[in-house]
Amino acid sequence: MDASPNPSSAQPDPAASPRPGTGPARAPAPDPARPETARRGAGPWTMPPTVCPTPDAAPVPVPVPDTAPPPPPDTPGRLRRLAVPAGVIAAVGGAFAYVGAVDPNESGHYPVCPLLRLTGVLCPGCGGLRSAHAFITGDLGAALSANAIATVGYVLFAAVWVLWLTRAWRGRPLRLALAPAHWWAVGAVLTVFTVVRNLPFGSALAP
């Protein structure tokens, strides 16, 4: 009987007694504070952030609030633009105030229309002062009876002046471009008005 040990049994088992540094790698123990690592085991997510550094991201520009003060209002220029419409309404208002204070129905205050004096024909402007006096005093019926065209003209003038003042305030010029057809229409209305007010059936339009 051979007393020598069995060669196969004499060789050390590498799995049973591993040498330092040559055994299989161990997974790091799961961190109790991070349950997700305990479930998923070892991996890149368990490595410290310095192992896989991320490239520096481009800086995001931060908008800077506009702290510049707003431009000052153009007060001198606006006053210059409003000077002309203000002067016009002041002149017209002064004339209306005089007509309202001095009654044209009383003779001797205003000159007589030359066409009416020489020919006895009423022109389109005859009765305009009496119409203005009635318009200022609030008698719209008497104003239309004295001169309907003049009364309509007062309202149109007020509307155009308001538009003029608004555009001057905004720095925009006032442009009233009338086509030749419009001027012909205005002339035709004045002619018909003059003819009708001088006829017997148009006496309602005479002052």
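In which helix is alanine 143 found? Alanine 143 is found in helix 6, where helices (H or I, at least four residues) and strands (E, at least two) are DSSP runs numbered from the N terminus. This is a predicted model, in which local features need pLDDT of at least 70 and side-chain atom pairs count only at pLDDT 80 or more, while totals for chains, interfaces and linings use all residues. Residues are numbered from 1 along each chain as its sequence is written, and side-chain values use heavy atoms, with hydrogens and water left out.

**Secondary structure**
- The protein chain has eight helices and zero strands, and its elements run α-α-α-α-α-α-α-α from the N terminus on.
- Glycine 138 follows helix 5 and has a positive phi, near 90 degrees.

**Burial**
- Of the 207 residues of the protein chain, 15% count as buried (under 20% relative accessible area; exposed is over 50% and partly exposed lies in between, with a 1.4 Å probe and protein chains only).
- Alanine 143 counts as buried because its relative accessibility is 0%.
- The C-alpha atoms of alanine 143 and arginine 130 are 7.0 Å apart in space, with the two residues 13 apart in sequence.
- Leucine 144 also has its place in helix 6; it is partly exposed, with a relative accessible area of 37%.
- Within helix 5, the buried residues are Gly128, Ser131, Ala132, His133 and Ala134.

**Nonpolar surface patch**
- Phe135, Ile136, Leu140, Leu144 and Val155 form a nonpolar patch with about 400 Å² of accessible area together (Shrake-Rupley method, 1.4 Å probe, only the protein chains shown counting as cover).
- Patch residues have over 30% relative accessible area and no salt bridge, and nonpolar side chains (Val, Leu, Ile, Met, Phe, Trp, Tyr) are joined within 5 Å, like charges within 9 Å.
- A salt bridge is a side-chain nitrogen of Lys or Arg within 4 Å of a carboxyl oxygen of Asp or Glu.
- Helix 5 and helix 6 (140-146) are the elements that give two or more residues to the nonpolar patch.

**Largest pocket**
- The largest pocket has a volume of about 410 Å³ (on a 1 Å grid, an open set of points for a 1.4 Å probe, with protein on both sides within 12 Å along at least five of seven lines; lining residues have an atom within 4 Å of a point).
- Of the 20 lining residues, Pro111, Val112, Cys113, Leu129 and Arg130 are the closest to the centre of the largest pocket.
- Helix 5 (residues 128-136) gives the most to this lining, with three residues.
- By class, the lining has 11 nonpolar, seven polar and two charged residues (Ala, Val, Leu, Ile, Met, Phe, Trp, Tyr, Cys and Pro count as nonpolar, Asp, Glu, Lys and Arg as charged, and the others, Gly among them, as polar).

Note on methods
Points joined across faces, edges and corners; volume = space filled by probe spheres on them.
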